[in-house]
Amino acid sequence: FRKTYCPNAKHVFQLGNIGWHVPDGVKNLLNSTALEPPKRMHHVCYHQEFDIKEFGFVPCPNPRSLANLMHFQQHHYGREFNSLKEKLVERGWEVKDYGAGNTDGPVDNIAEVIQRFGWIWHAKKSGDGYGHNIHNSMACGRPMVVPMSRIEGTISEMLLIPGVTTIDLEERPIDRLAEELEIASCNHKQWCLYSHLRFLREVDFDQE
């Protein structure tokens, strides 16, 4: 397209996933991951922008609720999610497994779902590139349940602070994880505020 219609236009490659690589010949790179760029390249590291009015900080109607939004999560931490769901539902929690290939199916309005639930589960064995679910959730002021070892070295890592904005699902058995969520839900407003403030500290779309 560029060669045919706009041969003088700059070609920019956008890197948004840690599983990608930069093709040969690329001279200009927009990088929304924590991967180091190749040498001798024009490079900008940035956060992929979304509407922070849509993904705004609103009060949580039900702190004792948990939702997954990642597609086909049974290939990742599905067994752990189902075990936790069983424990939490026994305690009276609402737990939903949204996303393609999951029990409750995909949703149309991701922002509305995040704002409606108290906690967001996001557990990828492969880790994250940019991490839209993580950034969206933090913008809305919703704390998360994640495997921190999979987040290390990603652009999302600075948002996720165990015991402050996040509970690390890998450091305790499922019974203990359910208990910690129950305890944390009693102080949920503070978790939400810290999550939102952390997002504001680390991400500034206007400045970028």
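This is a predicted model: local features need pLDDT of at least 70, side-chain atom pairs count only at pLDDT 80 or more; totals for chains, interfaces and linings use all residues.
Residues are numbered from 1 along each chain as its sequence is written, and side-chain values use heavy atoms, with hydrogens and water left out.

Let's start with the pockets. By pocket I mean an open set of points on a 1 Å grid over the protein atoms alone, where a 1.4 Å probe fits, with protein on both sides within 12 Å along at least five of seven lines; lining residues have an atom within 4 Å of a point. Volume is the space filled by probe spheres set on the points, which are joined across faces, edges and corners. The largest pocket holds about 220 Å³. Among its lining residues are Phe72, His76, Lys124 and Asn133. That lining divides into six nonpolar, four polar and one charged. Here Ala, Val, Leu, Ile, Met, Phe, Trp, Tyr, Cys and Pro count as nonpolar, Asp, Glu, Lys and Arg as charged, and the others, Gly among them, as polar.

The second largest pocket has about 180 Å³. It is lined by 15 residues, and the closest to its centre are Lys124, Asp128, Gly129, Gly131 and His132. Its lining has three nonpolar, ten polar and two charged residues.

Now, inside the protein. A nonpolar core is a set of buried Ala, Val, Leu, Ile, Met, Phe, Trp, Tyr and Cys residues joined through side-chain atoms within 4.5 Å. Buried means under 20% relative accessible area, exposed over 50%, and partly exposed in between, with a 1.4 Å probe and protein chains only. The largest core has 25 residues, and Phe50, Met138 and Phe199 are among those with the most contacts inside it. Which helix gives this core its largest share? That is α4, with four residues. Helices (H or I, at least four residues) and strands (E, at least two) are DSSP runs, numbered from the N terminus.

Take methionine 138: leaving aside neighbours within four places in sequence, its contacts (heavy atoms within 4.5 Å) include Pro143, Leu160 and Phe199.

A second, separate core of 19 residues includes Leu66, Leu88, Ile174 and Leu181. Leucine 181 sits in helix α6, residues 174–185, and is buried at 0% relative accessibility. Not counting residues up to four places away in sequence, leucine 181 touches Leu84, Leu88, Trp93, Trp119, Val145 and Ile167. Isoleucine 167 is 14 residues from leucine 181 in sequence and 8.1 Å from it in space, C-alpha to C-alpha.

On to the cysteines. How many disulfides does a search of the whole structure find? Zero, where a disulfide is a pair of cysteine sulfur atoms within 2.5 Å. For cysteine 140, the nearest cysteine sulfur belongs to cysteine 192, 10 Å away. Cysteine 140 is buried at 0%, whereas cysteine 45 is partly exposed at 46%.

Last, the backbone. Most residues other than glycine have a negative phi. Arginine 40, though, has a positive phi of about 55°. It lies in the loop between β2 and β3 and is exposed at 84%. Phenylalanine 72 also has a positive phi, near 45°.
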